[in-house]
Amino acid sequence: MQLFAWLLVAAAVVAVLRVYVTLRRLRRQEADDWDEHLVKNLRAQGGDPFKPSAVDFFFDLPDQPACEQVKAALAARGYSVDFRRVDPARGDGFTLHALVSMRISVPEMQTLRRELTALAVHHGGRYDGWATTGITRAARSGGAPPRSRP
């Protein structure tokens, strides 16, 4: 009888792990799909994937030292960076904006999202996505916001 109980516990652990792995995979796929969706909308509106475009990246960070460190990391990669304190009525953190001219492709944007998410998390913040001119409200289905979702 004790062996049966251990087998039942082991089966429950395996089931929980499978659910966890599946949910992580779905979350990553959803973020990848969002980047792909934005790139497709840009191209549908006449965006040229072979021509560099100005791309804005957005971060929410907890304090000025975190902003300075993220700014230094991004500036070393050629980004133009500015940050400011969030309106006190909306929170007590900082918002950081980075701008770079680059070709926009699905794999590149997905890779950047993963890298920038890791950078933000490392400094106690959150990567809030990207935007570029050319993705208009009319082209977004369902009134989706202009920035990608991490």
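This report walks through the fold of the protein, then its sheet, its salt bridges and a patch on its surface.

## Overall fold

The structure described here is a predicted model, and every value below should be read as computed from that model. The protein contains 3 helices and 4 strands, which follow one another along the sequence in the pattern α-β-α-β-β-α-β. Of its 150 residues, 32% count as buried. The accessible surface of the protein comes to about 9600 Å², of which carbon and sulfur atoms supply 59%. When contacts between residues at least 6 apart in sequence are considered, 71% of them join residues that are at least 24 apart.

## The sheet and the helix across it

Strand β1, which covers residues 53-61, is joined to β4 by 6 bridges, the two strands running antiparallel. Within this pairing, D56 stands opposite A131 of β4, while V55 has T132 of β4 as its bridge partner. Strand β1 is also joined to β3, here by 9 bridges and again in an antiparallel arrangement; in that pairing, F59 stands opposite L96 of β3. In a regular strand, side chains alternate between the two faces of the sheet.

## Salt bridges

The count of salt bridges in the model comes to 5, and three of them are set out in the table, with the distance given between nitrogen and oxygen atoms.

| Pair | N to O distance |
|---|---|
| K40 and E36 | 3.1 Å |
| D60 and R126 | 2.6 Å |
| D128 and R126 | 3.1 Å |

What separates K40 and E36 along helix α1? The two residues are 4 positions apart in that helix, so about one helical turn lies between them. K40 counts as exposed because its relative accessible area is 51%, and the cut-off for that class is over 50%. E36, by contrast, has a relative accessibility of 28% and therefore counts as partly exposed.

The side chains of D60 and R126 meet in a salt bridge, with 2.6 Å from N to O. Because D60 lies in strand β1 and R126 in strand β4, this pair ties together parts that are 66 residues apart in sequence.

D128 is buried, with a relative accessible area of 10%. R126 is partly exposed at 41%, and D60 likewise counts as partly exposed, at 27%.

Which residues form a nonpolar patch on the surface? They are W6, V9, V13 and L17, which together have about 430 Å² of accessible area. One of them, V13, is placed in helix α1, which spans residues 2-44.

Notes:
Residues are numbered from 1 along each chain as its sequence is written. This is a predicted model: local features need pLDDT of at least 70, side-chain atom pairs count only at pLDDT 80 or more; totals for chains, interfaces and linings use all residues. Side-chain values use heavy atoms; hydrogens and water are left out. Patches are made of residues with over 30% relative accessible area and no salt bridge: like charges are joined within 9 Å, nonpolar side chains (Val, Leu, Ile, Met, Phe, Trp, Tyr) within 5 Å. Accessible areas come from the Shrake-Rupley method with a 1.4 Å probe; for residues, only the protein chains shown count as cover. A salt bridge is a side-chain nitrogen of Lys or Arg within 4 Å of a carboxyl oxygen of Asp or Glu. Two strands pair if DSSP finds at least two bridges between them. Buried means under 20% relative accessible area, exposed over 50%, partly exposed in between (1.4 Å probe, protein chains only). Contact means heavy atoms within 4.5 Å.
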